[in-house]
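Trainee: I am new to this structure and would like to know what the terms used for it rest on. Please take me through them one at a time.

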Amino acid sequence: MKNFKKTMILLLILGMVFSLAACGDEADGGEASEESSEITPMTEGEYLMEVDGYKPMTVEVTLSETAVESIEIIQHDETEGVSDAALEEIPKEIVEKQSVSIDAVSGATETSNGVITAVTNAIEEAGGVVDEFKAAESGDVAEEESSDPVALSSGEIPESWDDTYDVVVVGGGFAGLAAAENASTSGAETLLIDKMPALGGNSQINGGVYASHTSRIADDLYDKLNLEPDSAEQHIEDTLEGGDNFSDEKLVENFVYGAPVFLDMMLENGLEVRESITRPGGHYGYRTYTTINGIGADIVSVQRKMLDETSTEVMLNTKMVQIYRDNTEEQRVVGIRVETNDGMKNIKAENGVVLTTGGFSGNEEMRSTHVPTLSEDDLTSNHVGATGEGITIAQAIGAGTKHMSYIQLYPFSNPENGRLDAAALIPFSGPSSGVVYVDVEGNRYVNEGGRRDVCARAAQESGGFPTFAIFGQEIVEKGGFIEESQLNEMIDSDRVFKADSLEELADMINDHEYQGESVSMPGESLNETILDHNSYVADGEDPEFGKQIDTGSMLSIDEGPYYAVPQWPSVHHTMGGLTISDRTEVQDIYGEVIPGLFAAGEVVGGVHGSNRLGSNAIPDAAVHGYIAGQMAAEGTLPEFVPER
Ligand SMILES: Cc1cc2nc3c(=O)[nH]c(=O)nc-3n(C[C@H](O)[C@H](O)[C@H](O)COP(=O)(O)OP(=O)(O)OC[C@H]3O[C@@H](n4cnc5c(N)ncnc54)[C@H](O)[C@@H]3O)c2cc1C
């Protein structure tokens, strides 16, 4: 049945391609190519159009009698980063092609459509006929720029290529760096591109916490910290449960078994980690390592160093805008089209393309399409390039997606700007050491060991803004996850408050404003909450929220100085994305492999189910990137991937 459907679709596609070609022949010949003779004369002049993009914008359209001469965006409030390409490219394309039938820039559809509407309105106001500016449906333009995704996959393969490589990796975060390094080491001539001026994406600004059930330094650390060792089975179970069993178990196994292999590779190549292994929310085994500076850049720089030792070529400011999938029976991905500072280029990939373009938390329009309750007012922890077009570009050649509506909020971001800075990691790493979360009344509002979705929702329903993580000096000294010098910087910049008593700490909390709002936390209530919690730690039981208390490693907060970190949820991780096989091959909407296309990291859906456990994303991205690089280069799997 599936094959029958595919055959029918293929016939339809071929029919469309032939009919487009036929239209093209007609339009190419004789008078039909004399564009100006077909244009109804317009009243020439400058037309100032007020239209809606994602937000209202003002566009000046200059028309001659028979042509759109120029388009200038006079004023707009579109989202910086997300809409830039649309504001720049759409006007250029309309003028170049004298057509309003052009593709919206992926991830910025409303902005693109706003500009197109301004031009169509101006043409109408000038007495012109908009249909005469829809050239994309005929002739050469149709063949080159058709917006039909199916026609793209089969109808348009460049006759010559600007560059050719064995493997082309798109996106240079943990996943892309691992893919490129392993592809190159496996013997493939490899290109790594990134649209940003620097490599790193979200991986660079990430918090550097990495879940791995073991490592080459694990035995020493478990001994020193008096902790129970962990197991792969427990890591797999926690991850599946943490995502409400929506995960693809094979993908979970891949990254859990690969996590120690990749971590050891990083350690052997110079990565330094702190003397701690924590058990953040949703993990029931001690398995979370923190890099020495508590930042993903620690890992990225080791990956960069390893990549530099290979022959991989790196191109920055190079944005993938299209994937080429040929029209032979195999329907293989053969290359990509990129936008560079020197114009558009077509790059051939002899063996395969690896998509490692990350998630879409930074794309307000895309995320609210999938979760309408998220609005532009919700802040995000992500870098500006997390706009998700890797997903939509792959969808245009038939790729399937899953779990697109599972979007995670990080519960402990900086309430001022949504960022996950170093201070925002304390509440994350702290639950197993005894860090307590309180609301504006100074009361606990959730089990601190709970999953991110649970903690985020509880904060939003706590009845005030923001919430606070509270801890004492003993946790700073013995927890192992807080660097004192870093803590002092946070105190100096008022990101963390420090006081000699809990009442004074409440006063400090009340002396500050949070996005212009103040709170009035009663000092005695904060004091009472902490005294109660201390008694739970001593008893080994939390009668209020049922938190797991490991006596011996969880500490009470009974000695000053005392500390508070303000915290609030922000949009953090998109669990949904492209569907892949357990060998990182991208699958089409029918679940069949698209030859020559691989994906890894946050661009993929199905690894974390409905909710990702903190510290699982680094091993997921890096391990699946490593697998994808090798698959694209030579079609083999690393040894840690279980035999199936
Ligand atoms: C602030 C923050 C802290 C985090 N902390 C942790 C943590 O401590 N532990 C943990 O496990 N997880 C953490 N995460 C999650 C984790 O960092 C991400 O899931 C992970 O970095 C994703 O890696 P990636 O390689 O898939 O994508 P990214 O690192 O985002 O890289 C994708 C790259 O693709 C590029 N790109 C996108 N589109 C295109 C295109 N069209 N053409 C060319 N290039 C393109 C981007 O510019 C980017 O460089 C954190 C996330 C954030 C935002």
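Trainee: What makes β11 and β22 a pair?

Mentor: A pair needs at least two bridges. β11 and β22 have three, so they count as paired.

Trainee: Which other strands pair with β11 (residues 343-355)?

Mentor: Strand β4 (residues 163-170) pairs with β11 in the parallel sense over seven bridges. There, T164 has K348 of β11 as its bridge partner. Strand β10 (residues 333-340) pairs with β11 in the antiparallel sense, over six bridges. I336 stands opposite I347 in β11, and a hairpin of two residues joins β10 to β11.

Trainee: Why is the pair F468 and Y514 called edge-to-face?

Mentor: The ring centres lie 5.5 Å apart, and the cut-off for a pair is 6.5 Å. The planes stand at 75 degrees, and over 60 counts as edge-to-face. F468 is in strand β15 (residues 467-472) and Y514 in strand β17 (residues 513-514), 46 residues apart. F468 and Y514 are both buried.

Trainee: What makes the pair F471 and Y563 stacked?

Mentor: The planes of F471 and Y563 are 10 degrees apart, with 5.1 Å from centre to centre. Planes under 30 degrees apart count as stacked, so this pair qualifies. F471 lies in strand β15 and Y563 in strand β19 (residues 562-574), so the pair ties together parts that are 92 residues apart in sequence.

Trainee: How do you know that F471 and Y563 are buried?

Mentor: Buried means under 20% relative accessible area. F471 has 0%, so it counts as buried. Y563 has 1%, so Y563 is buried too.

Trainee: How many aromatic pairs are there?

Mentor: The count comes to nine aromatic pairs. Ring pairs also link Y410, F412, Y437 and Y445 into a cluster.

Trainee: Why is H608 called buried?

Mentor: H608 has a relative accessibility of 3%. The limit is 20%, so H608 counts as buried. H608 is found in the loop between β22 and α20 (617-634). Among the residues in contact with H608, leaving aside its neighbours within four places in sequence, are G243, S247, F255 and H573.

Trainee: What joins the side chains of H608 and D620?

Mentor: A polar contact of 2.8 Å joins them.

Trainee: How do you know that the span of helix α3 (residues 109-125) is close to the expected one?

Mentor: Helix α3 has 17 residues and reaches 24 Å from its first C-alpha to its last, against 24 Å expected at 1.5 Å a residue. Its buried residues, including V115, I116 and V119, pack against β1 (45-52), β2 (56-63), β3 (68-76) and α2 (84-97). Just after α3, G127 takes a positive phi of about 85 degrees.

Trainee: Where is the pLDDT below 50?

Mentor: The mean pLDDT of the protein is 90, and 90% of its residues reach 70 or more. Over residues 1-36 the pLDDT is below 50, and over residues 136-152 the pLDDT is below 50 as well. Where pLDDT is low, the predicted coordinates should not be read in detail.

Definitions and conventions
Residues are numbered from 1 along each chain as its sequence is written. This is a predicted model: local features need pLDDT of at least 70, side-chain atom pairs count only at pLDDT 80 or more; totals for chains, interfaces and linings use all residues. Side-chain values use heavy atoms; hydrogens and water are left out. Helices (H or I, at least four residues) and strands (E, at least two) are DSSP runs, numbered from the N terminus. The expected span of a helix is 1.5 Å times one less than its number of residues. Buried means under 20% relative accessible area, exposed over 50%, partly exposed in between (1.4 Å probe, protein chains only). Contact means heavy atoms within 4.5 Å. Rings of Phe, Tyr and Trp (its six-membered ring) pair if their centres lie within 6.5 Å; planes under 30 degrees apart count as stacked, over 60 as edge-to-face and the rest as tilted. pLDDT is the predictor's confidence in each residue, from 0 to 100. A polar contact is a pair of N or O atoms within 3.5 Å; within protein, one must be able to donate a hydrogen and the other to accept it, and residues adjacent in sequence count only if both atoms are side-chain atoms.
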